Amino acid sequence: MRSYLAEFLSDPRVVRLPRFVWLPILHGVVLRKRPALSAAKYAAIWTHEGSPLAVHTRRQAAALQILLADTKVEYAMRYGEPSLAAARVRLPEARVVPLYPQYSNATTGSIIDVMGPGQQIVMQYYDHPAYIEALAASVRRHWQAHGRGAKLLMSFHGLPRRGGALYAGQCYGTSKLLADKLQLGAGEWMTTFQSRFGFAEWLQPYTAPTLVSLAQQKVERVDVICPGFVADCLETLEEIGIEARRAYVTAGGREFHLIPCLNESPEWMAALAAIASS
């Protein structure tokens with residue numbers, strides 16, 4: 001956990017403070033405390049197969065390989081193993097499909113840094129019709145099985161507000177397209193941002209305070225989907241499924257439904273094949 005966090009939080013795309021300011025804080029404070037805290041969070045969502053993100057990513061790659069039978073499919077992680085840097089050496093002419101539908105410097109931009117200029121990289125697909133349809137199918141499937149709440153909250157990973165305009169615009173674009181696909185009225189859905197880090201102002205509205213406010217407004221059921229994550233992971237299962245749920249229920253909310261990520265759904269695998277081939 002410590003080595004993963006050190007790699008992740010050392011990336012200047014992720015933490016944009018000057019290195020001479022940030023690195024002493026990272027190694028002197030953050031990496032002394034955060035690994036134990038993160039380990040406890042991972043323990044709450046761990047499965048018998050391992051990390052949910054790793055499990056779903058492996059399954060997605062295997063399913064995509066079946067759909068793209070004539071193309072070699074491999075997966076890599078930007079931080080940790082299997083490493084993206086090693087994949088670059090092994091597959092220098094590969095087409096790279098980041099599993100980040102909305103572009104940001106901290107995600108897709110960091111992949112570009114590793115892969116280098118000239119690499120074929122899908123920059124974003126936040127508005128791809130097949131991706132939107134896959135999201136809509138996931139919501140419909142959940143509603144068919146569990147009923148439907150009064151409010152659909154679409155929670156995206158947050159970024160510092162400064163420099164986050166392009167990313168925020170794409171998140172709102174995805175939300176509007178999904179709402180239109182589901183034929184939702186203006187008061188039936190909203191967009192929020194999660195996963196704040198540090199003391200800077202991040203993109204708003206923030207997810208957890210919004211859920212508390214909805215509970216206080218007597219919205220008795222809320223359905224939450226995380227369109228920016230195509231596989232369930234710590235940010236969806238623990239941050240939203242456990243922490244945000246607790247905040248909502250503690251504030252008086254009654255029913256909290258976390259709609260699963262796209263994971264290996266047939267609609268998403270068909271969408272990913274189309275995106276990878278376009």
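Me: Buried means under 20% relative accessible area, exposed over 50%, and partly exposed lies in between (1.4 Å probe, protein chains only). With that in mind, is Gln183 buried or exposed?

Reply: Gln183 is exposed, at a relative accessible area of 71%. Before we go on, this is a predicted model, where local features need pLDDT of at least 70 and side-chain atom pairs count only at pLDDT 80 or more, while totals for chains, interfaces and linings use all residues. Residues are numbered from 1 along each chain as its sequence is written, and side-chain values use heavy atoms, leaving out hydrogens and water.

Me: Thanks! Where does Gln183 lie?

Reply: Gln183 is in the loop between α7 (165-181) and β4. Helices (H or I, at least four residues) and strands (E, at least two) are DSSP runs, numbered from the N terminus. Gln183 also has a positive phi of about 60°, although it is not a glycine.

Me: And what about Ser195, is that buried or exposed?

Reply: Ser195 is buried, with a relative accessible area of 13%. You'll find Ser195 in the loop between β4 and α8, and its phi is positive too, about 65°.

Me: Which residue is joined to Pro205 by a cis peptide bond?

Reply: That's Gln204, and omega there is about 5°. Pro205 sits in the loop between β4 (189-194) and α8 (207-216). A cis peptide bond also joins Glu81 and Pro82, with omega about -5°.

Me: New topic: at roughly what angle do the axes of α3 and α10 cross?

Reply: Roughly 65°, and the axes of α3 (residues 52-67) and α10 (residues 266-277) come within 10 Å. Axes are lines fitted to C-alpha atoms, for helices over the stretch in contact, and angles run from 0 to 180 degrees between N-to-C directions.

Me: Which residues in α3 meet α10?

Reply: Gln60, Ala63, Leu64 and Leu67, and on the α10 side they meet Trp268, Met269, Ala270, Leu272 and Ala273. Contact here means heavy atoms within 4.5 Å.

Me: How many bridges join β5 to β6?

Reply: There are 4 bridges, and β5 (residues 221-225) runs parallel to β6. Strands pair if DSSP finds at least two bridges between them. Arg221 stands opposite Glu255 in β6.
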